[in-house]
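Subject: Structure handover

Hi,

Here is the structure for you to look through. Please open it first, then read my notes below.

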Amino acid sequence: KVDTSCGCTAAVSNKKIIEPGSEGIIEIKFNSEGKEGTQLHTIKVYSKGLDNPAIEFTIKGFVKIEGK
């Protein structure tokens, strides 16, 4: 399972289930529409097989409005 901190950030995996020992890709997309300045968003990846059931990633960026 993958969760994001807001509706402006989307996470899509190329596999529904990633088996232990295998690999997968999680694509992250950020919609900057209506945003300005520093943006900080988190993505949580949940696992049933780890001692730590959730790994959190943070993405940070700066949205600059043209002409400002």
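**What turned up**

Aromatic pairs come first: a search of the whole structure finds 0 of them. Rings of Phe, Tyr and Trp (its six-membered ring) pair if their centres lie within 6.5 Å; planes under 30 degrees apart count as stacked, over 60 as edge-to-face and the rest as tilted.

Before you go on, note that this is a predicted model, where local features need pLDDT of at least 70 and side-chain atom pairs count only at pLDDT 80 or more, while totals for chains, interfaces and linings use all residues. Residues are numbered from 1 along each chain as its sequence is written, and side-chain values use heavy atoms, with hydrogens and water left out.

**Lysine 1 and its contacts**

Start at lysine 1. Its charged end sits over the ring of tyrosine 46, 5.5 Å from the ring centre. The test for this is that NZ of Lys or CZ of Arg is within 6 Å of the ring centre and within 35 degrees of the ring normal.

Lysine 1 also meets aspartate 3 in a salt bridge, at 3.7 Å from N to O. A salt bridge is a side-chain nitrogen of Lys or Arg within 4 Å of a carboxyl oxygen of Asp or Glu. How open are the two partners? Lysine 1 is exposed, with a relative accessible area of 66%. Aspartate 3 is partly exposed, at 29%. The cut-offs are these: buried means under 20% relative accessible area, exposed over 50%, and partly exposed in between (1.4 Å probe, protein chains only).

**The other salt bridges**

How many salt bridges does the structure hold? It holds 3.

Lysine 29 and glutamate 27 form one of them, with 3.5 Å from N to O. Lysine 29 counts as exposed at 53% relative accessibility. Glutamate 27 counts as partly exposed at 43%.

Glutamate 56 and lysine 44 form another, and their closest N and O atoms are 3.8 Å apart. This pair links distant parts of the chain: glutamate 56 is in strand E5 and lysine 44 in strand E4, 12 residues apart. Helices (H or I, at least four residues) and strands (E, at least two) are DSSP runs, numbered from the N terminus. Glutamate 56 is partly exposed, at 45% relative accessibility. Lysine 44 is partly exposed too, at 32%.

**The largest pocket**

The largest pocket holds about 640 Å³ of space. It is lined by 20 residues, and Lys1, Ile18, Val45, Tyr46 and Ser47 lie nearest its centre. Strand E4 (37–46) and strand E5 (54–63) are the elements that give two or more residues to the lining.

On a 1 Å grid over the protein atoms alone, a cavity is a set of points where a 1.4 Å probe fits but cannot get out, and a pocket is an open set with protein on both sides within 12 Å along at least five of seven lines; lining residues have an atom within 4 Å of a point. Grid points are joined across faces, edges and corners, and a volume is the space filled by probe spheres set on the points.

What is the lining made of? It divides into 10 nonpolar, 5 polar and 5 charged residues. Ala, Val, Leu, Ile, Met, Phe, Trp, Tyr, Cys and Pro count as nonpolar, Asp, Glu, Lys and Arg as charged, and the others, Gly among them, as polar.

- Isoleucine 43 is in strand E4. It is buried, at 2% relative accessibility. Its C-alpha atom is 16 Å from that of lysine 16, 27 residues apart along the chain.
- Alanine 10 is in strand E2. It is partly exposed, at 37%.
- Proline 20 lies in the loop between strand E2 (9–13) and strand E3 (26–30). It is exposed, at 76%.
- Lysine 68 is in the segment after E5. It is exposed, at 67%.

Best wishes
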